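Subject: Structure handover, with notes on pockets, cavities and backbone

Dear colleague,

Please find the structure below, followed by my notes on what was found in it. I would be glad if you could read the two side by side.

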Amino acid sequence: MTLPALDKIPYGGDYNPEQWGDAVWDEDYRAFDLARIDLLTVGVFTWSLTQPDEDTYDLSTLERILDRAHADGRKVCLATGTAAVPPWLAHRYPEVCRTDFEGRRHVFGVRHNACASSPAYRRFSAAVAARIAERFAGHPAVVAWHVNNEYGGQCYCDLCAAEFRLWLRDRHGSLDRLNEAWNTDFWSHRFTDWEQIVPPNMLSEHWRGPNHTAFQGITLDYLRFNTDNILRSFREEKDAIRAYSDLPVTTNMMAIYRHLDYHRWAPHLDFVSWDNYPTDGSPVSRMALSHALMRGLKDGQPFWLMEQTPTMTATRNYNPVKRPGQMRLWSWQAVAHGSDSVLFFQMRHSRGASEKYHGAVLNHAGRTDTRAFAEVAALGAELEKVGDRLLGGRTPARVALLFDWDSWWALEMSDGYSRAVGYEAQLVSYYEALWQAGALVDVVAATADLSGYDVVFAPFLHMLKGDAASRLEDVARRGGTVVTTVMSGRVDENDNAFLMDVPGPLGALCGVRVDETDSLPPDQPNEVALLLPGEPELRVSAHHVFDLVIPQGAEPVGFYTTDFYDGTPAVTRHEVGEGSAWYVGSVLDQEGVDWVVRHALAERGCLGAFADVRDLEHTSRVVDGRRYEFLLNHGADAVQVRAPWDGVDLLTGRAVAAGASLPVPGTGVVVVETSSGAAS
Ligand code: GLA
Ligand code: ZN
């Protein structure tokens with residue numbers, strides 16, 4: 001099962017017409033015509049409408065919405081609507097409400113508020129999904145199913161405690177094995193009965209917050225359990241749909257979202273979709289990383305951009321509108337990285353409550369002469385022109401970046417070495433370097449098959465699971481390059497340290513051992529002098545954690561320049577088989593990360609064609625032997641590059657000639673359909 005079968009990139013998004021009267025619907029559809037909006041995501045928060053009480057279902061409003069969409073030639077991604085429990089459910093079955101990290105049982109309110117262990121929630125959510133699927137499976141407008149919405153959070157109630165114990169029995173098999181995995185002879189924690197185990201929260205193992213736990217093993221298992229437990233709820237709704245419909249099922253994810261390990265979800269989704277709301281001030285490359293992470297969930301299969309705001313968000317303290325051209329550029333960026341859709345939240349401003357000021361295609365007045373609407377309509381016309389050409393396009397990447405939720409959790413919840421080292425920030429920093437260098441990168445799980453990659457980055461791979469070390473070693477042996485860093489190879493899958501030199505099983509590959517690791521406050525950097533034969537020395541700053549590296553066959557290419565370890569190796573390169581492995585023993589500043597990343601890419605000819613043009617993003621997609629090149633200029637000023645390919649610019653229809661100058665306007669996009677074939 002894969003993506004919905006459509007003949008162009010679907011364009012549209014969340015549409016909640018149940019919030020306003022039919023007269024307004026006519027106005028909505030006139031606007032959809034103007035903007036070429038052809039896909040509506042319907043029913044995302046409709047549970048209290050579709051099921052007004054325990055024994056009554058009322059699908060008439062949904063039916064009118066779907067019939068109208070069909071009459072006007074629109075396709076629908078139909079939601080089950082279960083992400084906000086209706087008041088009657090919380091009132092009648094208080095167990096559906098979550099208990100928070102502080103141990104407080106919540107009462108009815110907000111959304112994303114259900115306990116995934118609650119039998120009542122599981123029963124009623126699957127039942128309403130079944131009703132909706134039964135009624136609308138054959139509806140001609142429906143092309144895909146949208147289960148729930150942005151699953152997330154966690155619960156610490158007694159029902160979850162019981163489910164956790166069952167999950168632990170399944171994972172560890174016996175209490176002896178659990179005691180070993182959690183190293184419970186530390187602080188008198190040996191469990192002799194499953195019932196003694198309680199969820200790790202502020203009332204039990206934690207102090208100061210979710211990252212401060214006395215027992216990493218139990219907290220880590222609770223994060224895994226929570227991922228699986230919420231996933232079970234998704235699967236129950238999906239199964240309920242499957243009984244009536246073969247259409248593809250998804251749920252909208254949040255990409256770099258810490259609470260759920262999406263790699264555990266991926267096999268259960270027919271296709272991946274996600275919501276792109278970049279956090280204020282984050283680099284553009286973080287969005288690219290997010291897209292690549294989502295594409296990587298299902299082996300490079302295209303995904304859907306399920307939501308993005310056409311203009312502004314409403315949840316932040318300040319909510320800047322997207323600048324002219326930015327919405328278009330970011331939409332094309334999603335497509336450039338593998339999205340087969342461009343969808344918004346939301347089609348129209350809601351009338352009241354917390355999203356009444358959230359950006360929308362149509363404002364409260366329903367105007368179609370606003371700047372925002374004009375930009376939406378212009379992009380709609382462009383997507384219509386492109387038609388089905390890009391659908392199904394694959395990204396021919398030779399570079400991989402490993403992304404591992406277990407390492408994220410384990411690194412950030414460990415006491416020592418430093419609380420200042422954040423996994424996300426470090427992954428973003430390495431990806432930023434790759435992005436600026438123009439490398440085409442797949443972002444994959446630490447358990448992924450690496451045999452197709454020439455360069456593999458494994459930064460901050462704190463936890464080494466299974467055969468990760470030998471798979472990385474294979475990359476180097478057959479002539480590839482591996483890059484790993486400080487804080488990698490530290491613990492096994494239970495968060496217990498390896499009884500060997502740091503970096504554990506990565507030591508042989510990297511040809512190093514670490515004698516000790518210093519950790520200093522953020523305002524006390526060291527300096528690293530980076531030096532390769534025949535090149536000028538580059539001095540960069542290093543922060544937070546400092547491995548004192550003792551080469552065991554590796555060549556030092558960077559040295560600390562201050563403190564008692566002045567002159568000690570900080571960065572090394574090791575020849576392994578036909579290839580090499582780099583070890584970066586500290587958190588380098590961006591310039592330092594750029595230096596390492598560019599050298600590693602250059603070793604295998606993986607620097608992008610436009611590596612020297614700042615903020616010019618370049619990606620490729622291949623469809624049926626045709627290759628498309630995307631150039632996205634995230635800078636304000638136009639740039640001129642020399643085109644490496646012959647072809648035609650899909651958006652302007654202009655010919656592109658290899659060797660000729662190709663202008664990319666500031667905040668502009670060029671999509672070249674190359675005529676030289678996929679091999680170019
Ligand atoms: C999320 C939700 C939407 C909406 C938007 C607002 O992505 O899925 O329902 O609340 O945020 O930004
Ligand atoms: Zn619970």
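To begin inside the protein, the residues that line the largest cavity divide into 7 nonpolar, 7 polar and 2 charged, where Ala, Val, Leu, Ile, Met, Phe, Trp, Tyr, Cys and Pro count as nonpolar, Asp, Glu, Lys and Arg as charged, and the others, Gly among them, as polar. Before going further, please note that this is a predicted model, in which local features need pLDDT of at least 70 and side-chain atom pairs count only at pLDDT 80 or more, whereas totals for chains, interfaces and linings use all residues. Residues are numbered from 1 along each chain as its sequence is written, chains are lettered from A and ligands numbered from 1 in the order in which they are written, and side-chain values use heavy atoms, with hydrogens and water left out.

Cavities and pockets were both found on a 1 Å grid over the protein atoms alone: a cavity is a set of points where a 1.4 Å probe fits but cannot get out, a pocket is an open set with protein on both sides within 12 Å along at least five of seven lines, and lining residues have an atom within 4 Å of a point. Grid points are joined across faces, edges and corners, and a volume is the space filled by probe spheres set on the points.

By this rule there are 6 cavities of 30 Å³ or more. The largest cavity has a volume of about 120 Å³, and of its 16 lining residues, Arg98, Ala114, Tyr121, Asn148 and Tyr151 lie nearest its centre. The second largest cavity holds about 90 Å³ of space and is lined by 13 residues, with His337, Tyr431, Ala439, His618 and Thr619 nearest its centre. Two or more residues of that lining come from each of helix 14 (423–436) and strand 21 (616–623), the elements being DSSP runs numbered from the N terminus (helices H or I, at least four residues; strands E, at least two). By class, the lining of the second largest cavity has 6 nonpolar, 5 polar and 2 charged residues.

Turning to the pockets, the largest has a volume of about 1,200 Å³ and is lined by 44 residues, of which Phe45, Arg111, Asn149, Phe345 and Glu355 lie nearest its centre. Helix 2 (47–50), strand 7 (273–275) and helix 10 (284–297) are the elements that give two or more residues to this lining, which divides into 19 nonpolar, 16 polar and 9 charged residues.

Ligand 1 takes up the space of this largest pocket (a molecule sits in a cavity or pocket if more than half of its atoms lie within 2 Å of its grid points). Around ligand 1 are Phe45, Arg111, Asn149, Glu150, Asn252, Asp275, Tyr277, Glu307, Phe345, Glu355 and His358, each with a heavy atom within 4 Å of it; this shell comprises 3 nonpolar, 3 polar and 5 charged residues. Polar side-chain atoms lie 2.3 Å from an oxygen atom of ligand 1 in the case of glutamate 355, 2.9 Å in that of asparagine 149 and 3.5 Å in that of aspartate 275, a polar contact being a pair of N or O atoms within 3.5 Å. The protein covers 94% of the 310 Å² of accessible area that ligand 1 has on its own, as given by the Shrake-Rupley method with a 1.4 Å probe.

The second largest pocket, of about 560 Å³, has 28 lining residues, with Gln216, Val491, Asp495, Asn496 and Ala497 nearest its centre. Aspartate 495 also has a positive phi, near 70°, although it is not a glycine, and is found in the loop between strand 13 (481–485) and helix 16.

Finally, the peptide bond from valine 502 to proline 503 is cis, with omega near 5°, and proline 503 lies in the loop between strand 13 and helix 16 (507–510). The bond from glycine 416 to tyrosine 417 is cis as well, with omega near -5°, and tyrosine 417 is placed in the loop between helix 13 (405–413) and helix 14.

With best wishes

Notes. Polar contact = N/O pair within 3.5 Å; in protein donor to acceptor, adjacent residues only side chain to side chain.
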